[in-house]
Amino acid sequence: MVILELLEFKCPSCGGAVGFDSRLQKVKCPYCDTEFEMETLKAYDEALKSDRPDEMKWETQAGSQWDESEASKINAYICKSCGGEIVADENTAATNCPFCNNPVVMTGRLSGVLRPDYVIPFKLDKKAAKEGLKKHLQGKKLLPKIFKDENRIEEIKGIYVPFWLFDADAYANIRYKATKVRTWSDNDYIYTQTSYYSVWRGGSLTFERVPVDGSTKMPDDLMESIEPYDFSEAVDFQTAYLAGYLADKYDVKADESISRANERIKRSTEELFASTVTGYATVTTESSNIHLQNGTAKYALYPVWLLNTIWNNERYTFAMNGQTGKFVGDLPMDKAAYWKWLGGLTAAVGAVAYLILFLLNLL
Amino acid sequence: MRKRNLLIVLTIIFWVASLVTGFAASDRELPLLVDDADLLTDNEERTLNSKLERISEEYQCEVAIITVNSLGSKTATEYADDFFDYNGYGYGSNDDGILLLVSMKSRDVAISTHGFAIRAFTDAKQDYMYDKFLPYLSNGNYNKAFSTFADLCDEILAEARAGTPFLSGKRLIVSLIIGVIIALIVTGIMKGQLKSVRYQPAASSYLRNNSFSLKVSRDLYLYSRISRQPKPKSSSSGSSTHTSSSGRTHGGSSRKF
């Protein structure tokens, strides 16, 4: 009589229920015919049970309240055209909206926003920003020539952009399915042996001050493009740093910005752990559980040089990191030049290829 | 008087020259067609021999047909190679030539090539030739088989001597495709230069130095599977070669008929 042990496992290959066959002293999946060692299955099953869903929790205590005397030195402006809200210290007269270049109106005192915790002061001046733009437009063969001449480079503005900074310790437990492939051959056949592995990686890592742009007026992709900022140069916020510059008011709260920071932290964590799985032909993630702890958020102002320009009824926005000088901004394409290059290159490369094929006696 | 001397000298030079070149060209003692098995009539032999001579001269590559009753202890390929080598077949200093051997007793047929003919008559070309003339040989229509063989040699040698033509539609299409692909890549890079605004997918610049600690690292072997696939038959476009008893390199193949 055959005694079947009452142990049930999940087949790592197809997910079907498999039982131990004491007669075979082995485990064979009835659905996909894969055979396993009992020890392997036990270890696999234990690890499966430890899989947990992601947990991401943050404490947001970013920013603080302004004190009366400080707040009174700051003027708030609103742009009637695009709805942009900016602030400037009492000695800086804001006249034009940095987002749409239309005149702004002073609305009075600062209200309803928190005081930043930190500020990274501007390190590069307007001259450097203009140089940055010139360099940005150089050496781009498909850029329409007149675009360079028509830019109102004088209107480049220095603006402090509100960022939420998130700190977090990430704990990860990730399970991968990995394969190794070995091939050999005899006279008639090529054999391929695919070995399947279950791979676990677990550990922790710490992220510091992952920034998320807190202003809807500033496109998020534009702000992420001028990253990273070097936080070691940040200082505690003082209104004096605002002199001569505009500051954008945040209109996205910290807890609304968390999801973006989470996405990026999760991605980085996954990438880092995946880079420790080496020596395999293929690696796929089967389950990933990332847990964030001690998440604290801070509110900071980061320096950005900004230029908005309209060309052929399209808006082009350029931004320069006011600390590192990294310059970004999508540029228009000269379609005629594109087709000329495509046609010319096809003809030139095609001719060379033709000659090489002829000389090598191919085709 | 002087003119006459000059004429004599020129005549001698001419005579010596023709003797030397004539000698060099005819280190072969046998005709191109050797019908030892007596498969052809005298008339057929004459026609075929002059055809072989014309082809050999035209492409500077000798085409020979040998029929024998038996091979002795040799294989058809060995016999053909040796017959070619020891009887001085082959055109010019490289002994370029192809030899067809037919042995009646064992009903073997072999092709042996040397020099330029190795390159001209690739394995695929030889298969193509056998397909064309073997049926006649099997039917006993020897004259038709041999003249077909000669015509095929004519055709293949003409092609080989002409080399590859400069104009080719296939080559044009392939090079255009290469051109378009590379042009698309290069203009794609140029287009990419215009785009500098993109989301940062990860946050790796904000990872604190040395904060990464790997606590679990476990690799568990589960199972393995073996699959097999038939080996693809090699379809090389070249000519396979071997070394004959005289140590020279020959190409060729043999069949039964």
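User: Is the crossing of α5(B) and α6(B) left-handed or right-handed?

Analyst: Welcome! This is a predicted model, where local features need pLDDT of at least 70, side-chain atom pairs count only at pLDDT 80 or more, and totals for chains, interfaces and linings use all residues. Residues are numbered from 1 along each chain as its sequence is written, with chains lettered from A and ligands numbered from 1 in the order in which they are written. A crossing is left-handed if the near helix is turned anticlockwise from the far one by less than a right angle, and right-handed if clockwise. For α5(B) and α6(B), the crossing is right-handed.

User: At what angle do helix α5 and helix α6 of chain B pack?

Analyst: Helices (H or I, at least four residues) and strands (E, at least two) are DSSP runs, numbered from the N terminus. Axes are lines fitted to C-alpha atoms, for helices over the stretch in contact, and angles run from 0 to 180 degrees between N-to-C directions. The axes of α5 (residues 123-139) and α6 (residues 142-162) of chain B lie 8 Å apart, and the helices pack at an angle of about 160°.

User: Which element of chain B gives the most to the side that touches chain A?

Analyst: The contact, counted where C-beta atoms placed from the backbone lie within 7 Å, takes 55 residues from chain B and 69 residues from chain A. Two or more residues come from each of α7 (169-194) and β5 (213-230) of chain B. With 18 residues, the element that gives the most is β5(B).

User: In β5(B), which residue is the bridge partner of A:Arg201?

Analyst: Strand β11 (residues 189-213) of chain A pairs with β5(B) in the antiparallel sense over 16 bridges; pairing needs at least two bridges found by DSSP. The partner of A:Arg201 in β5(B) is B:Ser217.

Definitions and conventions: Two residues are in contact if their C-beta atoms, placed from the backbone, lie within 7 Å.
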